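Please view the sequence and the model together before reading on.

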2 protein chains.
Amino acid sequence: MLSNIRIVLVQTFHPGNIGAAARAMKTMGLTELVLVNPRAFPDEEATRLAAGAVDVLENARCVNSLEEAVSDCVQVVGASARLRSLPLPHFDEPDDMAQQVIQNAVQAPVALVFGRERSGLTNDEIRCCTHQVSIPANPEYGILNLSQAVQILAYEVHRAWRKRDDNHFMYQRPLEATPPSRDQFVHFQDHLGRLMQQSGFITQPHARTEEQLQALFSRAQPSRKELSLLRGLLSAFESHLPDSRKG
Amino acid sequence: MLSNIRIVLVQTFHPGNIGAAARAMKTMGLTELVLVNPRAFPDEEATRLAAGAVDVLENARCVNSLEEAVSDCVQVVGASARLRSLPLPHFDEPDDMAQQVIQNAVQAPVALVFGRERSGLTNDEIRCCTHQVSIPANPEYGILNLSQAVQILAYEVHRAWRKRDDNHFMYQRPLEATPPSRDQFVHFQDHLGRLMQQSGFITQPHARTEEQLQALFSRAQPSRKELSLLRGLLSAFESHLPDSRKG
């Protein structure tokens, strides 16, 4: 699916932007890069900024026209900050665009087309497109760096891809400690409750105060290990209390 | 609200990343930048890559510790590709993070903290944080350039801000031509229907074919101007038909 997503850069002026775009693509699982008449490519600057995505650069296709770059695509989305008044269907929100693109990419190639740094896409190039998208931004300063625009739209495509149930994306999570069992948690709450009274914090059984503190610990979702640390702390306090009763 | 969102960069190595981050921030309406012990700042490279966001650099605050940078914040989200096993609440998805951040930013400052290019944040710095977030990415190559990570999280924050009803964000739209009135559209359909018969395309009244083509034009949502062009084209065809009847 992601391999059907093609990133097309038209007449990019700064080779550094090509490299940074390649890196942006690879971080989001995209590999298909097509360059239409880049000003300078291959180039050291592109290689440098590509960092670990040099393979994307090496596999990039160079062509002479946008038509050539997208001729087999079923959907061609032109990304531009400067919207023309040509009445292409326009996505206000990149996430709506990404959902459609991912849907189409199940079957066939789809292209996201980015224009020149200064002047975007020409009218003829917009005619190669089926849709337009812009990235909602600060109306006072809304022109993103080219590779940043590629990063955002690649990110939205990846997000739409993640959200499809059938993709089973594995989130990188911190090594989560195991949660405690109900039993272990209830033992902790009982222990806490007893010490609230034994310590004189609660002079009479006061359900509300007990409940509030217990709710706090519940909400904190302590791991098994943390609960064990808390029990240890309570025991340390307990050892100093008069009439220590282990119940 | 957006002015309560603070971007904190910790010991950034490349001044170019600081500049690019400032630009990324400004495109998303963020202005508050804090630098913790940057290696080289101010710097020409930062200024160059900031492009039109030099004001963000000029207003950036430099401090000696992360604690200083975030002491007044009610929420501090550490962004890191390398998750520690410290059990900070963790957002799998930046959009969930952004919704919470925007909600909190109504009232008080909130910080998004980015670590060093190579080593991220130290354990002590993570202890200054209330939450962690990572950007879901390609498991084979998931390390985004620092300023790209800033761009994505700034974009998600802006997106969460846009989606709040009370913000009335104005989308930049292409100059949409006015849609036609029902009356104008019906006249067009009638004209088309007549010419389908006059031209011999439909030999008998054939409701289905007429309906199908009319549905196509309906779906195309022609603007008033386009409809006028279509009417002109139909009239040009009409002038060549036998027994031209204007109905």
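## Terms and basis

Axes are lines fitted to C-alpha atoms, for helices over the stretch in contact, and angles run from 0 to 180 degrees between N-to-C directions. Helices are DSSP runs (H or I, at least four residues), numbered from the N terminus.

The model is predicted: local features need pLDDT of at least 70, side-chain atom pairs count only at pLDDT 80 or more, and totals for chains, interfaces and linings use all residues. Residues are numbered from 1 along each chain as its sequence is written, chains are lettered from A, and side-chain values use heavy atoms, without hydrogens and water.

In chain A, helix H8 (residues 182-198) packs against helix H9 (residues 207-219) at an angle of about 140°, and their axes are 11 Å apart.

Residues of H8(A), including Phe185(A), Phe188(A) and Leu192(A), meet residues of H9(A), among them Leu213(A) and Phe217(A); contact means heavy atoms within 4.5 Å. By class, six nonpolar, five polar and one charged residues make up this contact of H8(A) with H9(A); Ala, Val, Leu, Ile, Met, Phe, Trp, Tyr, Cys and Pro count as nonpolar, Asp, Glu, Lys and Arg as charged, and the others, Gly among them, as polar.

Gly16(A) belongs to helix H1 (residues 15-27) of chain A. Gly16(A) counts as buried because its relative accessibility is 8%, where buried means under 20% relative accessible area (1.4 Å probe, protein chains only). Beyond its neighbours within four places in sequence, Gly16(A) contacts Glu45(A), Ala46(A) and Leu49(A).

## Domains

An automatic or database domain assignment gives chain A domain 1 (2-166) and domain 2 (175-238).

Conventions:
Helices (H or I, at least four residues) and strands (E, at least two) are DSSP runs, numbered from the N terminus. Buried means under 20% relative accessible area, exposed over 50%, partly exposed in between (1.4 Å probe, protein chains only).
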